Amino acid sequence: MAETVLRVDDLRVNFATRSGVVAPVRTVSFQVGVGETLGIIGESGCGKSVTAQAVMGLLPSRSSRVDGAIHLAGKALHTLSRRARRQVGGREMAMIFQDPLSSLNPVMTIGQQIDECLRLHTGLDRRQRSARVVHLLEQVGIVDPERCAASWPHELSGGMRQRVMIAMAIAVSPSLLIADEPTTALDATVQAQILDLLEAIQQHTGMGIMFITHDLSVVARLCQRVVVLYAGQVVEETDVHTLFARPRHPYTRALMAARPSADRAPKTPLQEIPGRVPALDALPTGCAFADRCPLAQPRCRGQMPLLRPVGAPSHQVRCWRADETGALSL
Ligand SMILES: Nc1ncnc2c1ncn2[C@@H]1O[C@H](COP(=O)(O)OP(=O)(O)OP(=O)(O)O)[C@@H](O)[C@H]1O
Ligand SMILES: [Mg+2]
């Protein structure tokens, strides 16, 4: 793999809730290389956003506890003070979200917001900053950048707002971009434009991207490697080709079988995965997927399988029966 931008080792997140401590992220490890896009997939509630927030240092310190090691561009973020961490984070990584309107400040113009970001994290003076604002908006494909800079967030379309968020994210040339379902709210054409844009920026800057999505067609289009999360754990990690051609974890296999495919008649209902993700206050001691798994055996319920390599060392699976699943058809 290319040089590593982000390395996360044994990340654990606990939340103090009224009904006790819950663990939405349990020993999650992964890496993102320079110029690489890592996909993070899994059903709702599996811990994707909490993982991203932990990496960004956005979780509230009063009600959450984050353990594990996070190295960003060679710096050990977990050893830094909150203040130092925010400084490094602000320069080296940026995040874009599903709903750009809620992340933009409604009482500042677009230009003021990008300017603020540049003022905080670069040494540029006022004039240089205002030129850079226009240049950034141009770079994300906004045709009238001066007009856009003078606009308020509510005056822009969803696609324009997401472009603005990307402009803000790349304003300081971060080495890592975290995208948490950034195109889910957009229609298909605009979604494709935004993905093209991210790819073009990545080719230009070499930033690593951690791309969280439910959409497997986005994974196929954008990612080189993929981490599958289930109940706060990595259950499979592999390159994107193997993910689609030879998934090994029964959960990943179920996700693949449930995806709409081009050759399926449009009216055919999607196959849903029966059952639900276990509740955070009722996580089983064994495999978290056992209750929904067609291959589960008594051992699966009694003992937690470890993540281990199957076939290639870069293909890791957390399943007692991973050696058998390769022989089954999807
Ligand atoms: N601040 C919090 N306090 C307590 N529990 C939380 C908090 N934030 C998230 N959770 C819980 O942690 C679990 C993981 O949530 P997370 O938002 O990471 O899911 P997700 O994989 O991003 O799902 P989605 O696909 O719906 O966005 C969920 O059960 C969620 O309810
Ligand atoms: Mg989420």
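A residue counts as near a molecule if one of its heavy atoms lies within 4 Å of it. This is a predicted model: local features need pLDDT of at least 70, side-chain atom pairs count only at pLDDT 80 or more, and totals for chains, interfaces and linings use all residues. Residues are numbered from 1 along each chain as its sequence is written, and side-chain values use heavy atoms, without hydrogens or water.

**Ligand 1**

Around ligand 1 stand 14 residues; Ser44, Gly45, Lys48, Ser49 and Val50 come nearest.

| Residue | Protein atom | Distance to a ligand 1 oxygen |
|---|---|---|
| Cys46 | backbone N or O | 3.2 Å |
| Lys48 | side-chain N or O | 2.8 Å |
| His214 | polar side-chain atom | 3.1 Å |

Taken alone, ligand 1 exposes 630 Å² (Shrake-Rupley method, 1.4 Å probe), and the protein buries 63% of that. Strand 1 (4–17) and helix 1 (48–56) each give two or more residues to the shell. Helix 1 gives the most, with three residues. Helices are DSSP runs (H or I) of at least four residues, strands (E) of at least two.

Four strands form an open antiparallel sheet in the order 2-1-4-5. Strands pair if DSSP finds at least two bridges between them. Strand 2 (20–33) and strand 5 (75–76) are the edges, each pairing on one side only. Two bridges join strand 4 (residues 64–72) to strand 5. Leu72 stands opposite Lys75 in strand 5.

Helix 1 packs on this sheet, touching strand 1, strand 2 and strand 4. Contact means heavy atoms within 4.5 Å. The direction of helix 1 makes about 110° with that of strand 1; axes are lines fitted to C-alpha atoms, for helices over the stretch in contact, and angles run from 0 to 180 degrees between N-to-C directions.

Key. Chains are lettered from A and ligands numbered from 1 in the order in which they are written. A polar contact is a pair of N or O atoms within 3.5 Å; within protein, one must be able to donate a hydrogen and the other to accept it, and residues adjacent in sequence count only if both atoms are side-chain atoms.
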